[in-house]
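Please open the model in your viewer and keep the selection tool at hand. The tour below goes from one selection to the next and says what is found at each.

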Amino acid sequence: MWAALLAVLVAVALVMPTSFVVEGAGPALNVNGVVASDSAHKKPVVAVSGVPTYATESAIFLTTVSSWGTVNSGVPGFEALRALLSADYQLLPVRMLYPDSSTEQAVEAQNKQLMASSQDSAAAVAFDLAGLPVHETLTVMRVDKKYPAAAVLQKGDVITGIRRVVRGGSYTQVENFMDLSSFLAEVNPGQEVQLAIERDGYEQEVSTVTVARHVDQNGTLQPGAMLGVGIGVTNIRIPGKVSYGVTDIGGPSAGLMFTLGIYDQLTEGSLAGTTPLGGTGTMEWDGKVGPIGGIVHKMRGAAKHNVKNFLAPRGNCAQTIGHEPAGMHVWAVSTAAEAIAAAKAIAAGNTSTLTPCAAVGNSNLGK
């Protein structure tokens, strides 16, 4: 009788929801390829129009994580047990991923918004790096009283130009975030700069002192200085149009691979050659590549497509060591420009200038 009762209890436990979510390798999609839009039609994963584009032979794979379980409850006990016994899956507490206040609708909406933002930044950065004009409105969204800029800038100011006070001369026009970031990369902390701004419909000039940059999410300290204000990017205008065939993937982590795919279509030749290239990473408005979650699963998803070279955000490198699929090289990148250079080096068969993630690991290189 006791054995039968125990069997019943175990059976119930195996079918009852747990408080755990299971994650594993998701689909890997070639951004230069196509996906099925319905049972009879296919459409490009990424399509660029309105400007000259070029054919490519490169297969550039964005990678994803599949998740089982919901905001409200985890997977059944038998699925949790299977994940616990398999190296291919990861068991995570529901509340580690979703706070108590989360709802299915809110999580879905946030993931869609993050995906849309990553697509916008990917297009802007790719067009800029391909030498095409990109126009954005840069608006001060937040000031911090501990920085000098708070004395002269306020929320709602639009930055249109910048110059060094010590040198004088004409302003460098700030057409987009990349312009501002590139200018500040050549400025030392503590140097005075003059800004051309629009405030309440009127043009003004203000002066402030730059401050030292922070170590970024990748654990690196970029050269130059910063203004010390939060800047929002709106009104993105590019000379062409980019459309996306992906509808069931959310979050920001495809940004880097979208950028590479768009850049590949905007430039002559095949960016990554004919060898499949995989990768992941967020894309910031200044071209920085940010770290993501689930990189081990993403590498495994890429390996299913014979990917032997994988681009990883520098900030994720420590998580990749010891988990690389057989024969896969994982390369660290911090910016879109670095990723483009890495793709070209891989295509040329000369990776001697690239940084393996194994060489970054847990170190503080670049800090």
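How many nonpolar, polar and charged residues are there in the lining of the second largest pocket? In this predicted model, that lining has 13 nonpolar, eight polar and seven charged residues.

To see the pocket, begin by selecting Phe177, Met226, Val229, Asp286 and Lys288, which lie nearest its centre among the 28 residues that line the second largest pocket. The space inside the second largest pocket comes to about 780 Å³. Next, colour the elements that give two or more residues to its lining, namely helix 5 (177-184), strand 13 (225-226), strand 14 (229-237) and strand 18 (289-290). Of these, helix 5 gives the most to the lining, with four residues.

On the helix 4 side, show the side chains of the contact residues, including Met115, Ser118, Ala122 and Phe127, and on the helix 6 side show their partners in the contact, including Gly255, Phe258, Ile262 and Leu266. The residues of this contact divide into 11 nonpolar, four polar and no charged.

To view the contact, select Leu256, Thr259, Leu260 and Tyr263 of helix 6, and then Ala336, Ala339, Ile340 and Lys344 of helix 9. By class, this contact has six nonpolar, one polar and one charged residues.

As a last stop, select Thr259 and Tyr263 of helix 6, which take part in the contact with helix 4 and also in the contact with helix 9.

Conventions: Residues are numbered from 1 along each chain as its sequence is written. This is a predicted model: local features need pLDDT of at least 70, side-chain atom pairs count only at pLDDT 80 or more; totals for chains, interfaces and linings use all residues. Side-chain values use heavy atoms; hydrogens and water are left out. Contact means heavy atoms within 4.5 Å. Ala, Val, Leu, Ile, Met, Phe, Trp, Tyr, Cys and Pro count as nonpolar, Asp, Glu, Lys and Arg as charged, and the others, Gly among them, as polar. On a 1 Å grid over the protein atoms alone, a cavity is a set of points where a 1.4 Å probe fits but cannot get out, and a pocket is an open set with protein on both sides within 12 Å along at least five of seven lines; lining residues have an atom within 4 Å of a point. Grid points are joined across faces, edges and corners, and a volume is the space filled by probe spheres set on the points.
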